[in-house]
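The tour below goes from one group of aromatic rings to the next.

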Amino acid sequence: MLRIYHTPPSRSVRIVWLAEEMSLPYEAIAVPFGGAPPAGFTDASPLGQLPAIEDGEVRMIESVAIMQYLLAKYGPSPLEVTKTERAFPDYLQFLEFGEAGLTAIGNAYVATRFRAPDDQKKNWTVDYVTDAMRKRFALVDRRLADGREFIVADRFTAADISVGWSVSIAKYFGILESFEPATQAYYDRITARPAYAKAIAG
Ligand SMILES: N[C@@H](CCC(=O)N[C@@H](CS)C(=O)NCC(=O)O)C(=O)O
């Protein structure tokens with residue numbers, strides 16, 4: 001069975017959320033922050049990061065790649081936009097943008113906020129990262145400003161899981177003081193899904 005190393009609110013939420021949306025059987029294995037890792041975790045996640053999966057002989061890290069793998073292996077699913085659909089380029093862009101554009105840069109913010117000595121918590125780099133993230137989230141605001149319900153393709157897709165987790169974590173860490181109304185409505189809409197509730201509950 002698919003094993004997902006999962007501790008909310010980390011990026012492993014993306015994987016459990018997708019598995020729930022696809023009704024995939026899986027086992028979630030908790031990885032305590034700062035505690036002893038469970039058996040198998042070090043092999044599955046050489047960088048010690050979440051998420052990681054084991055699926056038979058497959059070991060994977062990188063949340064968006066794992067989503068692509070699960071969709072390809074256990075699909076077809078309407079959560080994926082295929083190359084014959086007009087929204088295919090937008091789908092690829094926002095699927096990747098959720099991690100590469102929106103949140104990868106945020107690791108420096110989180111690490112500095114929680115691990116840096118007090119006198120180094122406020123510095124030029126933190127201000128730069130915060131400003132860069134706000135600019136990147138403004139692209140999500142602009143995308144949603146026309147009233148669309150979902151980020152691409154007029155339906156809920158894996159791109160919403162990718163971007164949606166990023167929006168939720170920006171709220172969690174208070175990186176954005178408030179959302180634009182369209183982004184707030186988007187956040188409310190996608191986090192009301194039962195699959196998200198299951199994933200964030202752990
Ligand atoms: N690009 C990776 C990032 C993984 C990542 O940074 N995960 C965080 C949790 S959300 C983590 O494990 N941080 C602890 C660390 O880097 O030591 C992905 O999308 O899976």
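What follows is a short walk through aromatic side chains in a predicted model.

**Stop 1: the overall count.** Select the Phe, Tyr and Trp side chains. Counting rings whose centres lie within 6.5 Å gives 9 aromatic pairs. One of these is formed by F94 and F97, an edge-to-face pair with 6.0 Å centre to centre and 85 degrees between the planes.

**Stop 2: helix α4.** Select residues 88-103, which make up helix α4. Both F94 and F97 belong to this helix, 3 residues apart, or about one turn of the helix.

**Stop 3: F179 and Y187.** Select these two residues next and look at the angle between their rings. The ring centres are 5.8 Å apart and the planes meet at 45 degrees, so this pair is tilted. F179 counts as buried because its relative accessibility is 13%. Y187 is also buried, at a relative accessible area of 16%.

**Stop 4: a cluster of rings.** Select W17, F150, F156 and Y196. Ring pairs link these residues into a cluster. Where does the charged end of R193 sit? The charged end of R193 is placed over the ring of F156, 3.7 Å from the ring centre.

Notes: Residues are numbered from 1 along each chain as its sequence is written. This is a predicted model: local features need pLDDT of at least 70, side-chain atom pairs count only at pLDDT 80 or more; totals for chains, interfaces and linings use all residues. Side-chain values use heavy atoms; hydrogens and water are left out. Rings of Phe, Tyr and Trp (its six-membered ring) pair if their centres lie within 6.5 Å; planes under 30 degrees apart count as stacked, over 60 as edge-to-face and the rest as tilted. Helices (H or I, at least four residues) and strands (E, at least two) are DSSP runs, numbered from the N terminus. Buried means under 20% relative accessible area, exposed over 50%, partly exposed in between (1.4 Å probe, protein chains only). A charge sits over a ring if NZ of Lys or CZ of Arg is within 6 Å of the ring centre and within 35 degrees of the ring normal.
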